[in-house]
Amino acid sequence: MNRKAIEESLNAQLLLNKESKVLVVGLGKTGFSVAKFLNQQSIPFAVIDSRDKPPLNDALLADYPDTPVFTGGFDEAAFNVATHLIVSPGVSLQEVSIQKALLVGAKLVSDIDLFACSTDKPIVAITGSNGKSTVTTMLGAMGNASGVKTAIGGNLGTPALDLLNEDVELYVIELSSFQLERVSVLKAQVATVLNVTEDHLDRHDGIKGYAKEKQKIFSGHGSMVLNEDDSIVKAMEDLGRKTAFFTVNKKKGFHLQNYEGENWLMDNDQSLMRQQELPLEGLHNVANALAALALGSAVGLNVEAMCHALRKFKGLSHRMQRIAKIKGVTWVNDSKATNIGACVAALQGSQNKVVLIAGGDAKGADMKELIPAIKEKSKCVVLMGKDACLIDDAINGCVPTYKVGTVQQAVQLAATLASDGDSVLLSPACASIDQYKNYKDRGDKFTVAVMEQVA
């Protein structure tokens, strides 16, 4: 779309134009991408952040020195004059200043709204409690392998607005529940909710409220891709829309099927590739591959190219990443498992008995939901972090538990507990922010501690 077309689209869909007074709330990667976009469109804006020194404050002042910037709190005077609020996903919409501004007529807009209004190229939108980054990356590789110039981003890596480019032929956007709760314009050609398990209940009104935010990804009239094995997701089906299903438990849609002693990834009656050709551990990654195949098929990607991309796909760091095999023990980094569903999927997908390392900030989730998978797969659990005792109480002695202070101590202890043929799995079921910068920092420290065993 040319600049004039973008201006007209923004004005028509978001009532946003050069007369607007936009307040960008939050100066992280998303906020900075919004500032850059608004500047390109000559739309006046100011920026506010509750932190004294936001991470991109200096970069903003260097690039846009005339921009009003408010830091160290949410000054209500800045909110009082705003016609539009663009609130970064990391900022709760329940902030008093935000709620007051919305009550008196300010319009809530998101970076995803701006993005959707600024392109006429097909968009694939992906969300879910678990697997969305893997599926997004898989689909990006499939698109490029098919000869379709594909850009991926959103919640994963590059902010959506920074992806905009006339050369791009397909956008694959990962969206979190925090992004979806503030989206009003999304015209995805195909969208999916991969799964819904308890996560971020401290920011959403229980599991129903969380699922409701996820379902917003289906706003519009595009095709739907749904998980047949997830009852919450399956209930989102709209009988008036074109829908594809993926499943590892049934023979329907994109599914897993045994033929002459081998498991095959299938599209109804069409065999696509052998499961053993997929270079990823765990049944949940088979589900991710089936979801990516369903999404790619919905936008017309070449089947052979998609399967070729899957055969070469090595997975993402901190997501069921095999670190080493030491004295017969396999060490796996799944630090990205920041909720119960991801931990359960990791345990269920393990071929070996597991020494599980878990713990951190449970974010209000009911840790008793871990018990069936722990009973089935774990020989013991090493617990760390703020909610170690909470998880220990939930496990209630179904397997032996041990408490440590750090992930390095967890590795040292796990090495004494694991036997030849076991796996040690860091799959915390919790956020990392109680002890670490993020899940990557936690996973990196785990990896270093593991490799020190062979140093």
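Two strands pair if DSSP finds at least two bridges between them. Helices (H or I, at least four residues) and strands (E, at least two) are DSSP runs, numbered from the N terminus.

This is a predicted model; local features need pLDDT of at least 70, side-chain atom pairs count only at pLDDT 80 or more, and totals for chains, interfaces and linings use all residues. Residues are numbered from 1 along each chain as its sequence is written, and side-chain values use heavy atoms, with hydrogens and water left out.

**The sheet.** Six strands form an open sheet with mixed pairing, in the order β15-β16-β20-β17-β18-β19. β15 (321-326) and β19 (401-403) are the edge strands; each has a single partner strand, so one side of each lacks a neighbour in the sheet. β15 pairs with β16 (residues 329-333) in the antiparallel sense over 5 bridges. Within β16, Trp-331 is the bridge partner of Ala-324.

Angles run from 0 to 180 degrees between N-to-C directions, with axes fitted to C-alpha atoms, for helices over the stretch in contact. Contact means heavy atoms within 4.5 Å.

| Helix | Strands | Angle |
|---|---|---|
| α16 (residues 388-395) | touches β18 (378-383) and β19 | about 170° with β19 |
| α18 (residues 439-451) | lies across β15, β16, β17 (354-358) and β20 (423-426) | about 15° to β15 |

**A helix pair.** α12 (residues 283-298) packs against α13 (residues 303-312) at about 150°, their axes 10 Å apart. The two helices are therefore roughly antiparallel (angles over 145 degrees). Ala-289, Leu-293, Gly-296 and Ser-297 of α12 meet Met-306, Cys-307 and Leu-310 of α13.

Notes:
Parallel < 35°, antiparallel > 145°, perpendicular 65-115°, else oblique.
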